[in-house]
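Please read these points with the model open beside you. They are meant for someone who has not seen it before.

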Amino acid sequence: MDLAPVLDGFAVVLEPTNLLYCLIGVTVGMLVGVLPGLGPAATIAILLPITIGIEPVTAIIMLAGIFYGAQYGGTITSVLLKLPGEASSVVTVFDGHALARQGRAGTALGIAAIGSFVGGTISIVALSFLAPVVASFALDFGPPEYTALALLGILLVSTISSGSRLKALVAAAVGLLLATVGRDAFTGGERFTFGNLNLADGLDFVPIAMGLFGLGEILYNLEERHTAAQAPTKVANVWPSREDLRQSSGAIGRGSVLGFVLGILPGGGATLASLAAYAVEKRRSKTPERFGKGAVEGVAGPETANNAAATSSFIPLLTLGIPANATMAVIFGALLVIGVSPGPQLVTQEPELFWGVINSMYIGNILLLIMSIPLVGVFVKILRVRPAILAPITVLITLIGVYTVNNSVFDIVLGIVFGVLGYLMKKLGFDPGPLLLAFVLGVLLEESLRRSLLIFDGNAAQFFTRPISGTLLVVFLIVALLPLVQGALSRRRPAAERSDTTKELV
Amino acid sequence: MTVLVGYVPTPEGDAAFSAALQEARRRSEPLVVLNSPPGGAPVSVAVAPENAVRRMTERAEADGVALDLRQAAHAGDAADEVLRVAQEVDASVIVIGLRKRSAVGKLLMGSVAQRILLDADRPVLAVKP
Amino acid sequence: MTSAHDGANSPEGPGGSTAAGASRQGDDDVTRSTTAVEPPSSLHDLEEAVHQLEHDAEHRPPPAGRTTNLVVATLVTALGAAALVGSLSLGAGSARTPGSGTWPLVLSLLLIGLGVGLAVTARSTTDAERFSRSSLLVLVGLATMVGFVALIGTIGFEIPAALLAFVWLRFLGGEGWRLSVLISLGLVAAFYLIFVAALSVPIPHLF
């Protein structure tokens, strides 16, 4: 492997500006993880306007920091307050909070921080080896491959994450439709613009993302009846014992691998990884009855896995140009706005950006490890801020921010419209993630599809004659049809009711 | 008929609790402790921590007073909440703790105690630590 | 919401699939008490426990009834139908010669199909929330945003922003009068300093 670009990447990371933005990113990420309300996807969307004025590599370093930083932050509230700050930290509540009740909050937090650091770092190393390989492999991809890949990606995100697959697919379909608004790349004709000049060039990504994720979530949170407040807790023992570390080492190792693998999978991501890691730890433990009562593996496994997954979920985006989850879709959009086209050529054409971002994650993880334990007290203080005060601040940042992108009031209107849509979607059980993901992939998908059809002269069966697109499409069909088959089979047996869906996944 | 005390984990609050406990004993009425943080935040300094709650419970038990602790958050004005709960539990007296507020403090934050004193429709017992 | 999964008969619900690794047999008997959260072992039960925990932590309105679900399904189908009309007018094309309307046609057919699917499952859908009095808060919040964007062109951002912040703090957030006014003014001042003074963003401003 050619090490020169990797080392150059480190040189990029160590530039003071990039270090600063990395610090800002991970700090904001931790804050976002701690504070209930906004998630990393919403925060990244709201901060998109910032990325326009700065260097591309700096922008992505910051946005990435927000994402994996949030995985660290969510742990704090899970352990101390039994309040999951992030969807991927929910599982940590079971054993983490139990440990806190036993006066061992510091142990839980320390194990979580160490596990997160190890998981994240191992994932970055693996990513460094895997990503260039995948990218070079994908350079041979043609329109049929991209069609299949985009279809599969959208389907997986709609399927694996949310409970109501039907609704997620609706969201994805709407997203794809929205992508058609504007000028048709092939014929030059206008589609669905209703004569409005602002729509002639298509819908702008940034206002949609900011409205859908940012304003939508804020509006949605207005209806939340507030949780009971708790007195500020003091964290006593700040460091886990050697025994704890020894006990957790296996869980950390397994969590890293599991998280890395699940993160690459579109739709998988940090939340699924944390769940799977917990299940694995409990299953393989010789004393499973300890789980739920303060088993350190129950904290180490999920926390390691969610960080590993958050890191590896960058792979499909940076190597194939396919976002693996909603947050990656926002970062995809950010890349387009900054003028970088994600895809297999990114490694070779923009090595400084590619390796700069990846190597920044090492630094980011180190910063987070350093910050997460001493600053716990600070974060608990921050939790005293009432959400009612944060809400209008976030609204105004979003509204004014969306204006600054194009100095256009129409963008604010668009943002508000999508804010309403985002609210309605979340309220009615539709995950907005697939919509944005499908929107960003929509142009690619349609183009690839039409090109493929032109190549195949209209014969769609030819998709299966090419090995890669064929395989991907077979997987697509399996994933698409599997639940129908399962549904038919399970109707033979008495079924228990499936409960509500998770509203936010990444 | 109950005795209502507005409690925060401060010296003023503790003084108010002690006075309220005495009152409840004297009147042979149950004691309602209102420890309501301003709404929303997951963590609030206004919430009585576990050891304070335990102490209050033990003292009430020792004195033979029935204790009703309310820690639900409130939206809006703290004074309004006290008066509302006073109405709800049919308080025969409201006990509050007083502390000195600087002129600027009064301007910015107002005085909850003052509002309770002026707007209450039942006796108010104001104590100092 | 407690669920007891007995033996090996726990079915796979639609969309409840897992990725690599973890097995999902419900061979561990799991019953959850309504007060304590007990972590179950199979991935499926784990997901349920997670949903329950999030649900308890968030205090959202209750699930919507069948009518709401049917309305949603109808809207989705209607959207699909509208897109269908639109794509036909653009020219449906064919597989051999895809036109402007081909892809939108496919999508609109998909939407219609999904809408029908939603209508069919409307009775058993529980993941939508009921619209309740708290939804009025959202309406007020939305109104402030609309007011903001309506006024910003004419009188600059300062006053609409201050009003928005005040409404959100006082009426939507339940904060006191004084605090609301102070924070609103402070916010606008901060935004002014950052966006107008420091960054020179050409946002319409009055002062």
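1. Basis. This is a predicted model, in which local features need pLDDT of at least 70, side-chain atom pairs count only at pLDDT 80 or more, and totals for chains, interfaces and linings use all residues. Residues are numbered from 1 along each chain as its sequence is written, chains are lettered from A and ligands numbered from 1 in the order in which they are written, and side-chain values use heavy atoms, with hydrogens and water left out.

2. Salt bridges overall. Over all chains the structure holds 29 salt bridges (a side-chain nitrogen of Lys or Arg within 4 Å of a carboxyl oxygen of Asp or Glu). A network of such bridges links E223(A), E224(A), K427(A), R60(C) and E129(C).

3. A bridge between chains C and A. E175(C) and R386(A) form a salt bridge through their side chains, at 2.8 Å from N to O. The pair crosses between chains: E175(C) sits in the loop between α5 (158–172) and α6 (177–198) of chain C, and R386(A) in the loop between α18 (376–382) and α19 (387–406) of chain A. Helices (H or I, at least four residues) and strands (E, at least two) are DSSP runs, numbered from the N terminus. E175(C) is buried at a relative accessible area of 5%, and R386(A) is buried at 19%. Buried means under 20% relative accessible area, exposed over 50%, and partly exposed in between (1.4 Å probe, protein chains only).

4. Two bridges within chain B. D80(B) and R115(B) meet in a salt bridge of 3.0 Å, N to O. This pair links distant parts of the chain, with D80(B) in helix α3 (residues 78–88) and R115(B) in helix α5 (residues 112–119), 35 residues apart. D80(B) is partly exposed, with 39% relative accessibility, and R115(B) is partly exposed with 29%. The side chains of R84(B) and E88(B) also form a salt bridge, at 3.2 Å from N to O. Both of these residues lie in helix α3 of chain B, four residues apart, or about one turn of the helix. R84(B) is partly exposed at 44%, as is E88(B) at 46%.

5. The interface of chains B and A. How many residues of chain B are in contact with chain A? There are 13, and they touch 17 residues of chain A; contact means heavy atoms within 4.5 Å. The two chains bury about 1200 Å² between them, 68% of it on carbon and sulfur atoms. Buried area is the accessible area (1.4 Å probe) that two parts lose on being put together, summed over both. In chain B, G40(B), P42(B) and V43(B) lose the most area to chain A, together 50% of what that side buries.

6. Between chain B and chain A the count is one salt bridge. R101(A) and E50(B) meet in a salt bridge at 3.8 Å, N to O. The side of chain B that touches chain A has nine nonpolar residues, three polar and one charged. Here Ala, Val, Leu, Ile, Met, Phe, Trp, Tyr, Cys and Pro count as nonpolar, Asp, Glu, Lys and Arg as charged, and the others, Gly among them, as polar.

7. Aromatic pairs. The count over all chains is twelve aromatic pairs. Rings of Phe, Tyr and Trp (its six-membered ring) pair if their centres lie within 6.5 Å; planes under 30 degrees apart count as stacked, over 60 as edge-to-face and the rest as tilted. The rings of F137(A) and F141(A) have centres 5.9 Å apart and planes at 70°, so this pair is edge-to-face. F141(A) is buried, at 13% relative accessible area. F166(C) and F171(C) are also edge-to-face, at 6.1 Å centre to centre and 85° between the planes. F166(C) is buried at 17%, whereas F171(C) is exposed at 51%. Ring pairs also join F94(A), Y278(A) and F291(A) into a cluster.

8. N35(B). Is N35(B) buried or exposed? N35(B) is buried, with a relative accessible area of 0%, and is found in the loop between β2 (31–34) and α2 (50–63) of chain B. A polar atom of the N35(B) side chain lies 2.7 Å from the backbone oxygen of A46(B). The side chains of N35(B) and Q71(B) are joined by a polar contact of 2.9 Å. A polar contact is a pair of N or O atoms within 3.5 Å; within protein, one must be able to donate a hydrogen and the other to accept it, and residues adjacent in sequence count only if both atoms are side-chain atoms. Leaving aside neighbours within four places in sequence, N35(B) is in contact with residues including Y7(B), V8(B), P9(B) and L69(B).
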